[in-house]
Amino acid sequence: MKIVVLAGGISPERDVSLSSGSLIYRELKERGHQVVLLDVFLGYAGEEENIFEKDYDWAAEIGNVSEESPDIEQIKALRPDWKKNFFGPKVIAICQAADVVFMGLHGENGENGRIQAYFDLMGIRYTGTDYVSSAICMDKGLAKELFAVHGIPTPQGFRLKKEELETYLEKRKPNGEAVVSGDGRELSLPLVVKACNGGSSVGVYMVNKKEEYEKALREAFGYDDEVIIEQYIKGREFSVGVMEGRALPVIEIAPKQGFYDYKNKYQAGSTIETCPADILEEKTREMQRWAEKAFQILRLKNYARMDFMMNEAGEMFCLEANTLPGMTPTSLLPQEAAAEGVSFGELCEKIIESALRAAE
């Protein structure tokens, strides 16, 4: 099968995407497929004729994920014309020549549905969910509203737009140990402040003191024009992958220091991950049911991953949905699949097979 693994881009998760893409590329190539790894933004400068037959290691120059997110302005400078055409040279033509595109993208212009919508118009088949559900899940505030409407437990919170910030801070400064929303609701410290459309915990801040609140807001607005302020849930963190509507085993995530931020997600040895999670069977089934329901109400297809917190009383809270979960050596979904006896290569094959069935 001719497969393009699409990675890179210009989101803060660029390096994570390239790491995911290189691993997917190598596994699919070892399984006998004709595979090309492309950076969606930088494209390909060589001859595209017979590109799938080339004896070339497309992942040779891709390294490990660094502790810091990449300098995107440096990447943009490599293509001064990028605002006129997001796709790099020959990306679309090569994707059209493939049987399927494996979406190894993360973050903006990867998980927000724009590329998926373009591919639909061009007749390009791809893995992951469609443009509608991608857009819904990328907007964490909208996803949380849908959770609330359908009874899926999620932390209390509110949204704030960048243009509202100064007025909000003037009128709604923290009062003692409470933060007040624009409509008068109170949330007690500690809180989580996060960019509405971010991923990989980029633009996420833990606020323990009222003095930290304004700084966290301003820094989160450096990543997005809208942020979410929500109640911090003290307890244990979990994730549940869902394939074609069926939940995989639950995995517990326990960072050795701090919370599950960018560094702890992608630096080997930073986090203890246990799969299947060491929780009561009834709690496992409950979390899997919530994950499957979230998959359904968010109109997801193919595969996704839901993140959860469970507080000290055993109450569960769904934080968000990931429409293109990481596929790096430390990623959660491959570990969940492995707990069911599915190797990484088999998982990639299953994702492709599912996507092609949906496209028929």
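Tutor: By class, the lining of the second largest pocket has 12 nonpolar, one polar and four charged residues. The model is a predicted one. The volume of this second largest pocket is about 430 Å³. Its lining counts 17 residues, and those closest to the centre are Leu37, Asp39, Gly43, Trp58 and Glu61. Two elements give two or more residues to the lining: helix 1 (14-30) and strand 2 (34-39). Strand 2 gives the most, with three residues.

Now follow the chain past strand 2. Phe41 sits in the loop between strand 2 and helix 2 (72-77). With a relative accessibility of 0%, Phe41 counts as buried, because the limit for buried is under 20%. Its ring forms an aromatic pair with that of Phe86. A pair of aromatic rings is described by the distance of the centres and the angle of the planes. For Phe41 and Phe86, the centres are 6.0 Å apart and the planes make 50°, a tilted pair. Phe86 belongs to the loop between helix 2 and helix 3 (91-97), and the two residues are 45 apart, so this pair links distant parts of the chain. Phe86 has 15% relative accessibility and also counts as buried. The pair is part of a cluster: ring pairs link Phe41, Trp82, Phe86, Phe87, Tyr118, Phe119 and Tyr126. The whole structure has 10 aromatic pairs.

Most residues other than glycine have a negative phi, and most peptide bonds are trans. Lys90 is partly exposed, at 31% relative accessibility.

Next comes Met122, in helix 4 (residues 114-122). Leaving aside neighbours within four places in sequence, Met122 is in contact with Ile92 and Gln96. Met122 counts as partly exposed, at 34% relative accessibility.

Ser11 is in the loop between strand 1 (2-7) and helix 1. Ser11 is buried, at 1% relative accessible area. Not counting residues up to four places away in sequence, Ser11 touches Ile72, His106, Gly107 and Glu108.

Further along, look at helix 8 (residues 210-220). Its buried residues are Tyr213, Ala216, Leu217 and Ala220. They cover an arc of only 100° around the axis, so they are on the same side of helix 8. On the other side, Glu211 and Lys215 are exposed. What covers the buried residues includes strand 4 (157-161), helix 7 (165-171), strand 5 (178-180), strand 7 (191-195), strand 8 (204-207) and strand 9 (226-231).

Just after helix 11, Gly341 has a positive phi of about 85°.

At 48% relative accessibility, Glu244 counts as partly exposed.

Last, check the peptide bonds. The one that joins Leu189 and Pro190 is cis, with omega of about 5°. Pro190 is placed in the loop between strand 6 (186-188) and strand 7. The bond from Cys275 to Pro276 is cis too, with omega near -5°. Pro276 has its place in the loop between strand 12 and helix 10 (281-297).

Note on methods. Residues numbered from 1 in each chain as written. Predicted model: local features only at pLDDT ≥ 70, side-chain atom pairs only at ≥ 80, totals over all residues. Heavy atoms only, no water. Buried < 20%, exposed > 50% of the residue type's maximum accessible area, 1.4 Å probe, protein only. Helix = DSSP H or I, 4+ residues; strand = E, 2+ residues; numbered from the N terminus. Arc of directions from axis to C-beta. Contact = heavy atoms within 4.5 Å. 1 Å grid on protein atoms, 1.4 Å probe; cavity = no way out; pocket = protein on both sides within 12 Å on 5 of 7 lines; lining within 4 Å. Points joined across faces, edges and corners; volume = space filled by probe spheres on them. Nonpolar A, V, L, I, M, F, W, Y, C, P; charged D, E, K, R; others polar. Phe/Tyr/Trp six-rings, centres within 6.5 Å; stacked < 30°, edge-to-face > 60°.
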